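Reader: Before we turn to the model, could you show me how to read its features one at a time, with the general idea first and the case at hand second?

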Amino acid sequence: MRRTALIILAVVAVAIGGLVLLTRSGGDQGLVPGYLEADLVLVGSEKSGRIESLEVREGETVAKGDLVFTLESSEQKAELATRKARLAEAEARLGDAKAELQRPREIEVLESALVRAKAMQTKSQLNLDRIQQLYEKGWVSKAQLDDAVAQHDSNQAAVKEAERRIEAAHLPGRSGVIEAATAAVSEARSALDEAEKSIAKRKVFAPAAGSIEEVYFRPGEVVNAGQAVVSLLPPGNLKVRFFVSEADRAGLRIGETVGVSCDGCPSGLTATIRFISRDAEFTPPVIFSREQRKKLVFLVEAWPDEKTAELTAGQPVSVTLPQSQ
């Protein structure tokens, strides 16, 4: 395949070289044949999926940032909703961990329990005092006194427990719990950002202003990541390509202006040379003689001016070299 391609390129180069020689030796002295070529921008998505909508048509002009196409995104929307819910849950847990007070109703319940515990303590203290007096007079047994003491101690412990519960309710969350809750919120927020970026990438916008040259896929078709859906031609990506002989190449310089003409085109079209090839497109497999060196042709590329850029890619043109203008 490579050898065949090289043979084809050699044949094309010979043909172009012949055209150059014929043109230079004919009546239109100083003219060489050329054509317009476009460096297309292939517009695709970073994600794969099914095309949901196509917003452009072939031949249409778009501005930079215009919507070109959209990929179907139902799965991504569901994932986005899930991650939003997880973030809300993580933020709620962090809020609870940072809260300095429990809810007012919970505090009221704990305070009511403390009041009841103190009342039971007071009652048991009075009962203990009465049993103590009766025991000293010998009217009650030692077992009854022990029961009164145990009841009083139990009620006193209940008061202390109720007080500790209220104190704990007023304490802020532990630092370790807060740090864990903060990390969970950060992770949930990062996951949400990723989901939002993923769904944003389902919409593809024009990377530059230009015209839509070709549409490769339509709504309903599935494309892979990086696969071109449309091709875009920015105005600055059109160039004039032509081939010159060895003698003409020696007289050309980067930045020089060449004339451009074609059938039906307005007069006065120009282009600026930006590239001159160092390598010949065709070299005979023998030692060069003066006649054989005339067969060498070199590629030159020139960027068209504003009027010339209105021509179409693939259009044949004639180029007037600087020394012949």
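Author: Let us begin with accessibility, where buried means under 20% relative accessible area, exposed over 50%, and partly exposed in between (1.4 Å probe, protein chains only). Tyrosine 216, at 33% relative accessibility, therefore counts as partly exposed, and tyrosine 216 is found in the loop between E7 and strand E8 (222–223). This is a predicted model in which local features need pLDDT of at least 70 and side-chain atom pairs count only at pLDDT 80 or more, while totals for chains, interfaces and linings use all residues. Residues are numbered from 1 along each chain as its sequence is written, and side-chain values use heavy atoms, with hydrogens and water left out.

Reader: Which strands form the open sheet, and in what order?

Author: Strands are DSSP runs (E, at least two residues), numbered from the N terminus, and two of them pair if DSSP finds at least two bridges between them. Here four strands form an open sheet in the order E2-E9-E7-E4, with antiparallel pairing. Strand E2 (41–44) and strand E4 (61–62) each have a single partner strand, so one side of each is left without a neighbour in the sheet. E4 and strand E7 (residues 210–215) pair over two bridges, and glycine 210 in E7 is the bridge partner of valine 62.

Reader: How many strands make up the closed barrel?

Author: Six strands, running E1-E10-E13-E12-E11-E14 with antiparallel pairing, make up the closed barrel.
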